Amino acid sequence: MTLKDVALASGCSIATVSRVLAGTRPVGAETARTVRAAAERLGYRPNHVARALRSRSTGTVGLVLPQITNPFFPTLVRELEHALHAEGRAVLLADCDDDPATEAARIGALLARQVDALLLIPVDERHSREAVVAAAAQVPLVLLDRGCGPGVADSVAVDNVAGMALVLDHLAATGRRRPCFVGAAGTASAAVERRTAYENGAAALDPAAPGRLALGDFSVEWGRAAVDRLWPSRPDAVVCANDLIAAGALQRLRQLGADVPGEVAVTGFDDIPLAGLADPALTTVRQPVAELAAEAARLLSRRRADGSSGPCHTVRLAPELVVRASSGTAAVVSADGWPATS
């Protein structure tokens with residue numbers, strides 16, 4: 001089936017059919033419905049390769065993730081796919097297994113496939129920067145969840161400092177005074193921001209609290225191992241940099257016979273589905289995933305409209321604290337301190 005066949009079946013010109021199916025120019029609603037009905041009836045499918053050659057646009061966005069096995073990222077990918085599909089764009093996904101060299105190779109491979117734009121969750125703020133800067137000079141690029149330093153590219157992420165403040169305020173309100181922190185080593189911006197926010201805020205609970213921390217990676221295994229390091233100091237709260245770490249910490253604390261939350265509270269960050277299924281259910285900071293995706297799509301559209309030049313935009317979204325049984329009673333608290341819907 002060709003555009004000519006659709007034009008004959010719909011009673012419209014080939015130019016009108018092309019505009020409707022490509023979405024390049026506004027067409028009357030009734031005409032658009034007629035054309036789409038004819039195309040569906042005939043089984044017409046557009047030739048995206050030919051369209052790409054004509055328009056020099058492939059209609060694809062490359063998305064590079066640090067590690068797809070982290071449950072937070074598939075949730076974000078789903079929302080990104082929905083947001084971009086609404087704009088008529090497809091997503092090409094690449095996983096770099098937390099390795100900056102692999103990340104650079106994946107970025108290069110996507111650019112070789114002529115993607116129109118890139119979305120990237122960088123592995124490391126410093127070690128990812130060179131590849132990100134080079135890519136941002138070629139196509140519109142938005143960083144998600146993590147950054148690569150100021151002025152590198154447009155970025156959107158949750159306000160990690162506000163999220164950690166919600167956790168520490170909650171722990172203080174429930175009488176905790178000896179927190180410890182389990183996080184990730186390295187210079188991934190989310191890891192650094194959450195760790196620094198803990199160190200700056202925990203001193204108000206206990207001057208020694210900033211020194212009670214253990215750094216490894218964002219994994220369940222590390223959460224278990226970190227508890228063995230920190231439990232001899234008998235903290236009354238284990239503040240974790242993400243929910244995977246917190247799940248491991250919960251598991252190990254149960255094995256050690258600790259009473260959670262009576263003896264020690266445990267908190268996470270991200271609010272992945274696992275958080276509500278943990279035993280006890282995990283208090284955590286909820287990231288606004290749908291807003292992250294929508295804002296990333298908006299930044300990409302603006303960058304494509306403005307060209308590659310212009311100042312970089314940084315967006316920080318407000319988190320929510322979801323209070324569950326691992327630290328207290330069920331509630332959701334927004335970044336401004338007021339109850340919020342869950």
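A residue counts as buried when its relative accessible area is under 20%, as exposed when it is over 50%, and as partly exposed in between (1.4 Å probe, protein chains only). R324 has a relative accessible area of 18%, so it is buried. The structure is a predicted model, so local features need pLDDT of at least 70 and side-chain atom pairs count only at pLDDT 80 or more, while totals for chains, interfaces and linings use all residues. Residues are numbered from 1 along each chain as its sequence is written, and side-chain values use heavy atoms, with hydrogens and water left out.

The term stands for a side-chain nitrogen of Lys or Arg within 4 Å of a carboxyl oxygen of Asp or Glu. Side chains of opposite charge can pair when their charged atoms come close. Across the whole structure, the search turns up 12 salt bridges. One of them joins D271 and R324, at 3.1 Å from N to O. These two are 53 residues apart in the chain: D271 is in the loop between strand 9 and helix 12, and R324 is in the loop between strand 12 (320-323) and strand 13 (331-334). Here helices (H or I, at least four residues) and strands (E, at least two) are DSSP runs, numbered from the N terminus. Salt bridges with shared partners tie D271, R286, E320 and R324 into one network.

D271 also meets R286 in a salt bridge, this time at 2.8 Å from N to O. Again the pair links distant parts of the chain, with R286 sitting in strand 10 (residues 283-286), 15 residues from D271. D271 has 18% relative accessibility, so it counts as buried too.

Elsewhere, R89 and D116 make another salt bridge, their closest N and O atoms being 2.9 Å apart. R89 comes from the loop between helix 5 and strand 2 (90-95), whereas D116 belongs to the loop between helix 6 (100-112) and strand 3 (117-120), 27 residues apart. Both partners are buried.

An open sheet is built from 6 strands in the order 2-1-3-4-5-11, with parallel pairing; two strands pair if DSSP finds at least two bridges between them. Strand 2 and strand 11 (314-317) are at the edges with a single partner strand each, so one side of each has no neighbour in the sheet. Strand 11 pairs with strand 5 (residues 154-158) in the parallel sense over 4 bridges, and A157 has R316 of strand 11 as its bridge partner.

Finally, there are the holes inside. A cavity is a set of points, on a 1 Å grid over the protein atoms alone, where a 1.4 Å probe fits but cannot get out; lining residues have an atom within 4 Å of a point. Grid points are joined across faces, edges and corners, and a volume is the space filled by probe spheres set on the points. The count comes to 2 cavities of 30 Å³ or more. The largest holds about 90 Å³ of space, and its lining includes F72, F73, D145 and R146. Helix 5 (72-85) and helix 9 (189-202) are the elements that give two or more residues to this lining. About 40 Å³ lies in the second largest cavity, where R89 turns up again in the lining, along with residues including V61 and L300. Helix 13 (residues 289-306) supplies the largest share of that lining, 3 residues.

Key:
On a 1 Å grid over the protein atoms alone, a cavity is a set of points where a 1.4 Å probe fits but cannot get out, and a pocket is an open set with protein on both sides within 12 Å along at least five of seven lines; lining residues have an atom within 4 Å of a point.
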